[in-house]
Amino acid sequence: MAPTPGLQIMQRSYLWQDGTVRSWLLTTDHKRIALLYMASITAFFVLGSFGAALIRLHLISPTGAILSDETYSRMFTMHGIVMVWLFLVPSIPVTLGNFLVPLMLGAKDLAFPRLNLISWYLFIMAGALVVYGLFRGGLETGWTFYTPLSTDYTQGRVLPVVAGVFLSGFSSIATGVNFIISIHQLRAPGLTWYRLPLMLWALYATSVIFVLATPVLSITLLLLAFEHFFHVGVFDPALGGDPLLFQHLFWFYSHPAVYIMILPGMGVVSEVVSTFCHKPVFGYRFVAWSSISIAAIGFLVWGHHMFVAGTSLYAAVVFSMLSFLVSVPSAIKVFNWLGTMHGGAIRLDAPMLYAMGFIGLFTVGGLTGLFLASLASDVHLTQTYFVVAHFHYIMVGGMVSAYFAGLHYWWPKITGRMYPEMWGRTAAALLFFGFNLTFFPQFILGYEGMPRRYATYPAQFQVLNVLSSAGASILALAYILPLIYFTWALFRGARATDNPWQATGLEWRISSPPPVENFITPPVVTHEAYDYAALDHPDAAPRAEAPHV
Amino acid sequence: MSEHLAPYDSPQHRDETAIAGMWLFLASEILLFGGLFLIFVVYSHTRAAGWALGVRHTSLTIGGINTALLLTSSMVYTLGVEAARNENARGTILAGLGAAGLGVTFLCLKGWEWHTELDEHLFPGPGFALGGLQAGGAQLFYSFYFLSTALHGLHMLVGIGLIAWVCLRVYRGRGASLRVLPVEVVGLYWSFVDLVWVLLFPVLYLIGRV
């Protein structure tokens with residue numbers, strides 16, 4: 001490949017070609033939409049973190065330090081809703097996914113570029129509605145909107161928040177449709193399914209959940225709003241309805257949504273581990289199909305959220321068994337990442353540190369999930385801090401680590417600049433230690449019986465709560481640092497080369513930042529994914545000329 | 001609309017992609033209505049007597065006429081797709097207008113049906129008309145009835161709007177070669193709206209009537 005002259009890169013780069021606000025707001029370029037999304041979800045992440053900070057500050061004292069009981073309830077509801085729907089669900093798919101899917105496919109854009117832009121506007125409208133509802137009164141229902149609390153008893157603003165979450169669902173569906181159709185239709189010549197980077201398998205699986213689970217949330221929220229507005233009894237037992245039905249419908253979306261919040265992270269970790277070990281991913285097909293099976297089995301386990309809600313024992317046994325089944329593909333991934341690292345020349349740059357943190361924290365989160373999938377221990381642990389710690393190990397320890405891993409890894413490609421490596425490693429280490437200090441004590445708190453969602457607690461739990469709050473302040477530092485050095489790097493970072501990590505993958509064959517049209521000459525794929533031999537010895541591989549299937 | 005092919009290789013590739021996108025969107029729609037039908041599945045069993053009482057109060061005549069109208073509308077539209085494939089702009093527009101007209105008639109009848117039901121106090125709430133032991137189940141039925149017909153009606157409005165857009169497109173593009181794709185994609189959507197009704201009709205008017 002002939003290197004492109006530097007000046008030409010600047011002129012053709014998607015970032016700088018047309019700098020007007022209008023050109024950004026009306027862009028259909030997937031790379032720019034990714035950045036629009038990145039700015040938006042960062043704002044929501046800051047908002048959600050602010051809620052978490054107040055919660056942890058409040059819980060320093062057994063009687064509650066700063067908030068009234070009602071404000072406390074509204075604060076954890078705000079934290080949950082903003083973090084789940086406005087940060088975690090979109091996070092990796094809409095930022096890194098939007099940026100990378102066409103690049104990894106060797107395509108010029110996603111299959112439906114205008115739909116992609118519409119999805120961002122839907123997301124912004126959704127965010128505005130949610131924020132309006134949360135600040136003009138707020139909600140005390142938690143992120144789960146359980147009825148009849150959300151329909152009959154809440155004093156807060158249910159309708160704008162529910163409408164916002166409803167809209168964000170359509171944004172997710174649009175993204176999911178776009179990714180699935182792009183992966184089917186826009187693969188470059190020679191890019192067979194088993195040559196796809198594992199990130200695309202993971203995003204494909206995520207998109208299936210987007211398309212098939214999100215509409216169930218939409219109809220559930222519609223029913224909820226209908227009941228709240230017209231005072232009819234779809235779920236209200238006083239009017240003949242069944243509140244358990246709401247929980248079934250809600251978790252039919254929200255359990256698969258947990259896999260929306262982890263599968264893309266697994267995709268990122270597969271890419272990062274392979275690159276920084278300079279080895280193909282061990283057992284490629286197993287890792288690929290484990291993404292699909294996690295998505296598929298994920299549709300069949302929602303009942304484990306309702307073991308104590310009055311479901312039948314026989315249903316509970318089946319749901320428990322199915323939940324155990326999810327651990328099989330998850331474990332396959334963990335073992336295969338370790339297998340990839342075994343004997344590799346591991347470079348401990350920031351993305352790899354984050355990815356290793358992901359593997360450890362995800363393993364803890366996954367294994368503690370088995371305690372909650374077991375009927376007997378779930379009765380003891382449900383609605384305690386054990387659950388809180390468990391899902392934060394997956395969502396924060398897992399997904400946020402992976403998001404940061406991906407941001408550091410692709411930052412040179414996205415911006416054309418390197419981030420400061422030393423600070424990156426520091427932030428990765430801080431995240432790991434701060435996270436563990438925040439959430440490990442919560443396992444013990446939950447095991448000892450401290451219930452979640454209460455503004456006060458018995459004095460015996462104070463030491464562990466203070467430890468947890470101290471950890472949260474370290475975690476906050478680990479979030480603020482990247483915000484500062486990424487901003488600095490955007491303008492002052494060292495210029496990135498086209499392939500700073502010696503990675504395989506089509507996105508590393510083009511300039512950093514990529515030109516507007518992605519590929520100046522359409523790429524042809526002649527190798528398997530992660531073929532480092534071909535990368536290291538391009539001349540020694542006559543098969544590059546060979547016809548491909 | 002600019003005709004540059006951006007991410008696609010050829011016009012045929014672009015059209016295939018659009019059709020695939022519509023099918024996937026319809027899969028999503030099936031799950032949307034699927035969640036709604038769960039209400040029927042559960043309550044028509046747990047509150048069978050009250051649910052059946054509600055079913056007996058629906059107007060089978062209007063429901064039946066509407067089913068016939070909508071099935072005919074889908075058939076007429078399909079003829080329009082065939083006309084588009086044969087480059088017959090006039091035929092496409094006529095079929096589109098016919099299909100949309102039948103759809104509007106459906107909505108008018110539905111509106112009239114709603115009107116009489118609201119007059120008879122069949123909307124769930126304190127003044128609900130059907131008393132007695134089974135009032136709870138009947139109220140659940142009418143909650144489902146109003147929500148499902150409203151959601152279906154909304155889909156019909158969108159569909160009628162899309163058909164009008166297709167007709168306008170074909171009308172404006174007279175003389176040039178006719179693009180079949182938008183006609184086809186809207187046809188998929190219209191048939192889906194029809195299919196939802198094919199399931200709603202027995203659920204709302206037939207099951208439990210006798």
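Is A:Gln383 buried, partly exposed or exposed? A:Gln383 is partly exposed, because 13 other C-beta atoms lie within 10 Å. The cut-offs behind those words: buried takes 20 or more other C-beta atoms within 10 Å of the residue's own, exposed takes 12 or fewer, and partly exposed is in between, with C-beta atoms placed from the backbone.

Some housekeeping before going on. This is a predicted model, in which local features need pLDDT of at least 70 and side-chain atom pairs count only at pLDDT 80 or more, while totals for chains, interfaces and linings use all residues. Residues are numbered from 1 along each chain as its sequence is written, and chains are lettered from A and ligands numbered from 1 in the order in which they are written.

**Chain A overall**

Chain A is built with 19 helices and zero strands. Helices (H or I, at least four residues) and strands (E, at least two) are DSSP runs, numbered from the N terminus. The radius of gyration is 23 Å, close to the 24 Å that the globule rule gives for 549 residues, so chain A is as compact as a globular protein of that length. That radius is taken over C-alpha atoms, and the rule is 2.2 Å times the number of residues to the power 0.38. Laid along its principal axes, the C-alpha trace of chain A spans about 75 × 45 × 45 Å.

Of the 549 residues in chain A, 54% are buried. Two residues are in contact if their C-beta atoms, placed from the backbone, lie within 7 Å. Among contacts in chain A with a separation of 6 or more, 84% are between residues 24 or more positions apart.

**The core**

A nonpolar core here is a set of buried Ala, Val, Leu, Ile, Met, Phe, Trp, Tyr and Cys residues joined through C-beta atoms within 7 Å. The largest one has 216 residues, and A:Val130, A:Val269 and A:Ala405 touch the most other members. Take A:Val269: leaving aside neighbours within four places in sequence, its contacts are A:Trp337, A:Ala355, A:Phe358, A:Ile359, A:Ala402 and A:Ala405.

The expected span of a helix is 1.5 Å times one less than its number of residues.

| Helix | Residues | First to last C-alpha | Expected span |
|---|---|---|---|
| α13(A) | 29 residues | 43 Å | 42 Å |
| α6(B) | 27 residues | 38 Å | 39 Å |

Just after α13(A), A:Gly343 takes a positive phi of about 75°.

Over in chain B, α6(B) runs through residues 180-206. Where does α6(B) kink? The kink, of about 30°, lies at B:Leu200, shortly before the proline B:Pro202. Such a bend is the angle between axes fitted to the seven residues ending at that place and the seven starting there. B:Leu200 is also one of the buried residues of α6(B), along with others including B:Trp190 and B:Trp197. Among the elements covering those buried residues are α1 (11-46) and α5 (135-172) of chain B.

**Where the chains meet**

The contact takes 33 residues from chain A and 28 residues from chain B. On the chain A side, α8 (158-185), α9 (198-230) and α10 (243-260) each supply at least two residues, and the largest share, nine residues, comes from α9(A).

Most residues other than glycine have a negative phi, and most peptide bonds are trans. A:Gln383 has a positive phi of about 60° although it is not a glycine, and its place is in the loop between α15 and α16 (385-415) of chain A. A:Tyr530 also has a positive phi, near 60°, but A:Tyr530 is buried, with 25 other C-beta atoms within 10 Å.

As for cis peptide bonds, one joins A:Thr147 and A:Pro148, with omega about 0°. Another runs from A:Ser512 to A:Pro513, with omega near -10°. A:Pro513 is found in the loop between α18 (462-492) and α19 (532-536) of chain A, and A:Tyr530 has its place in the loop between α18 and α19 as well.
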